[in-house]
Amino acid sequence: MVSGQEQGSLTVRCPYDSSWKTYKKYWCRGADWSACETLVKTDTSEKSVKMDRVSIRDDQTDFIVTVTMEELRISDAGIYWCAIERTGYDPCFKVNVTIGLAPEITTVILTTMAPVLTSTPSTTESIANHGETQTSTLTWFLMSSFYFNLLVFLELPLILSMLSAVLWVNRPTS
């Protein structure tokens, strides 16, 4: 699983065995790998290739394919595949991408509680290691902190105020 924020970017690194060095690598989208749509593909060089908001680069020294998705949208969430093009079955692994709300939406509320937060879109970087991914701990901390703060400082007092108003209006009168 890899997470990014709306309007931000995310990067996925896909390591591969050195025997695949001269093969084309690609990034495709779709729940079913056999029918996924290729978004971007390398040539056999190390040059970065960009299509729309997605770029791919094959580091043939460290044997890592790096995919970057920019200007993320909520609709970008879904299943993607990091794959190597060859005759027959293409070696690949699955990446589940989730997209959270844009930081500009949350910053308005958070600036008074946590002035260190800024409104610039963040970048989440993940390293895929033979089917495993690691997401940024900072991103998860900030997101969970935001929802906790929203609940405690906005929603809970609002609910308690509404409950108090209902109880006051419906109080027994003598």
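In what order do the elements of the protein chain run from the N terminus on? The answer is β-β-β-β-β-β-β-β-β-α-β-β-α, a layout that holds two helices and eleven strands. The model behind this description is a predicted one.

Of the 174 residues in the protein chain, 34% are buried. The accessible surface of the chain comes to about 10500 Å², and 59% of that belongs to carbon and sulfur atoms. As for contacts with a separation of 6 or more, 57% of them are between residues 24 or more positions apart.

On to the strands. Five of them make up an open sheet with mixed pairing, and its order reads E1-E9-E8-E3-E4. Strand E1 (2–5) and strand E4 (37–41) stand at the edges; each has a single partner strand, so one side of each goes without a neighbour in the sheet. From one strand to the next, the twist averages 30°. Inside this sheet, strand E3 (residues 25–29) and strand E8 (residues 78–84) run antiparallel and share five bridges. One spot to look for is tyrosine 26, whose bridge partner in E8 is alanine 83.

Strand E6 itself (residues 54–59) is mostly covered, with five of its six residues buried.

Is aspartate 52 buried or exposed? Its relative accessibility is 66%, so aspartate 52 counts as exposed. The hairpin of E6 and E7 has four residues between the strands, and in that one phenylalanine 63 takes a positive phi near 60°. Further along, in the loop between E7 and E8, glutamate 71 is another residue other than glycine with a positive phi, near 45°. Glutamate 71 is exposed too, at a relative accessible area of 52%.

How many salt bridges does a search of the whole structure find? It turns up five, and three of them are picked out below. In one, the side chains of aspartate 58 and lysine 25 meet at 2.8 Å, N to O. Aspartate 58 belongs to strand E6 and lysine 25 to strand E3, so this pair ties together parts that are 33 residues apart in sequence. Aspartate 58 is buried, with a relative accessible area of 0%, and lysine 25 is buried as well, at 1%.

Another salt bridge links glutamate 70 and lysine 50, with 2.8 Å between the closest N and O atoms. Glutamate 70 is in the loop between E7 and E8 while lysine 50 is in strand E5, so parts 20 residues apart in sequence are tied together. Glutamate 70 counts as partly exposed, at 30% relative accessibility.

The remaining salt bridge described here brings together the side chains of arginine 53 and aspartate 76, at 2.8 Å, N to O. This pair links distant parts of the chain, 23 residues apart: arginine 53 is in the loop between E5 and E6, and aspartate 76 in the loop between E7 and E8. Arginine 53 has a relative accessible area of 13% and is buried; aspartate 76 is buried too, at 6%.

Which residues make a nonpolar surface patch of about 300 Å²? The patch is made by Leu160, Leu163 and Leu167. Leucine 167 is found in helix H2, which covers residues 137–169. With a relative accessible area of 56%, leucine 167 is exposed.

Notes
Residues are numbered from 1 along each chain as its sequence is written. This is a predicted model: local features need pLDDT of at least 70, side-chain atom pairs count only at pLDDT 80 or more; totals for chains, interfaces and linings use all residues. Side-chain values use heavy atoms; hydrogens and water are left out. Patches are made of residues with over 30% relative accessible area and no salt bridge: like charges are joined within 9 Å, nonpolar side chains (Val, Leu, Ile, Met, Phe, Trp, Tyr) within 5 Å. Accessible areas come from the Shrake-Rupley method with a 1.4 Å probe; for residues, only the protein chains shown count as cover. A salt bridge is a side-chain nitrogen of Lys or Arg within 4 Å of a carboxyl oxygen of Asp or Glu. Buried means under 20% relative accessible area, exposed over 50%, partly exposed in between (1.4 Å probe, protein chains only). Two strands pair if DSSP finds at least two bridges between them. Axes are lines fitted to C-alpha atoms, for helices over the stretch in contact, and angles run from 0 to 180 degrees between N-to-C directions. Contact means heavy atoms within 4.5 Å.
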